[in-house]
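Hi there,

Here is the structure I promised to pass on to you. Have a look around it first, and then read my notes below.

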Amino acid sequence: MSAEQLNQEGERIMTICNACRYCEGFCAVFPAMEKRLTFTAADMSYLANLCHGCGECLRSCQYEPPHPFDVNVPRTLANIRLQSYEQYCWPQPLAAAFRSNALATVLGIAGTLAVGMALAVAIINHHALIGASDHANFYAVLSHRVMATVFSAVFVFVIAACAIAVGRYLKDTGSQFDHAESGGSVIAGLRDAFSLKYMHGSGADCTTDENSRTPWRRWFHHFTFYGFLSCFASTAVATIYDVIDGWPAPYPLLSLPVMLGVIGGVGLTVGPIGLWIIRRRIDPATLDPGEAGLSRAFILTLLLTSVSGLALLAFRDTMEMTLLLIAHLAAVMTLFATLPYGKFVHGLYRAAALIQYVRESRSAAKTTADAAG
């Protein structure tokens, strides 16, 4: 189905929902929908990224298939959401290539990087490759300058690609904020995003099928996200230690970088495995089959990063350290290089959509109060 056809189907379904309004208390999608009488392609992108895919509206809908109206809000919005990943990303050709075969692309990038680094080490410092380097001395394998240069270049590219993508989304959906409201809207929207406020639909816990409610989907998302932040904090602290304090790695097991890394590694192992299991139990009627490849690829890169990092820590004083370091660096670089084109971007667009929703809600409330006064 083309982008135009997807948006037309979304407009048809939103028009039906706008007339019914049975689900208006479930999540932010339906109150946002009610503020619109017509639905442009930009409106559909906004509503699609506002949706958390809990599926509760489908199970409550009197027009769900096989009704002739054929209303399936979660899947329709999932289709449009997947389209938005490719529509807004930069450079767009990379998104198309990644989406066509995400899992093979991730494995290919990781394998190529690992082999390339192994060959470079073999040429420059072959003693390190056969385990003759100082135990736990990562910089004896690859110098700090090489690591910092390569990862800084990748990091700058990823930040630029994500910033351009979000900028395109904001421009398209009209998510600009008045200066008087922007600060509070941003804080409230980010609070809703970080707490996953709307993941559970109308109940206290998340739904995986018609008769099941558990908090696990939300918890595994938290494990993954905050595990990622903890790993990032570990790298940041280690950089401060090395650059500012002149204290290079390796660090003691009870040092802050190592403890943050362990916490993050555990989170990035438990979370993705849990999300993999949960996804297999979610009603497939609520999912876009095309998104499965992006989800599997993202989960795989997270697991490769966390497992290789924990293994490197556990065996950093052994002769296997060099190969584990190469595997971990390849996994980390693959994770960051694919962030702008995979499932990660849904968090960026969703946060922007939640901020817009808060702004719209506050603006509507202010208008109502002014009219009443």
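Let's begin with helix α1: its buried residues are covered by parts that include α2 (29-34), α3 (41-50) and α5 (73-88). Please keep in mind that this is a predicted model.

Which residues of α1 are buried? They are L6, N7, G10, I13, M14, I16, C17 and N18.

Just after α1 comes R21, with a positive phi of about 65°.

Now for the aromatic rings. Searching the whole structure turns up 19 aromatic pairs. One of them is F228 with F336: the ring centres are 6.2 Å apart and the planes meet at 40°. An angle under 30 degrees would count as stacked and one over 60 as edge-to-face, so this pair is tilted.

Where do the two partners sit? F228 is in helix α11 (residues 216-243) and F336 is in helix α14 (residues 321-338), so the pair ties together parts that are 108 residues apart in sequence. Buried means under 20% relative accessible area, so F228, at 18%, is buried, and F336, at 17%, is buried too.

Finally, both rings belong to one aromatic cluster, formed by F155, F228, F232, F298, F336 and F344.

Happy exploring!

Conventions: Residues numbered from 1 in each chain as written. Predicted model: local features only at pLDDT ≥ 70, side-chain atom pairs only at ≥ 80, totals over all residues. Heavy atoms only, no water. Phe/Tyr/Trp six-rings, centres within 6.5 Å; stacked < 30°, edge-to-face > 60°. Helix = DSSP H or I, 4+ residues; strand = E, 2+ residues; numbered from the N terminus. Buried < 20%, exposed > 50% of the residue type's maximum accessible area, 1.4 Å probe, protein only. Contact = heavy atoms within 4.5 Å.
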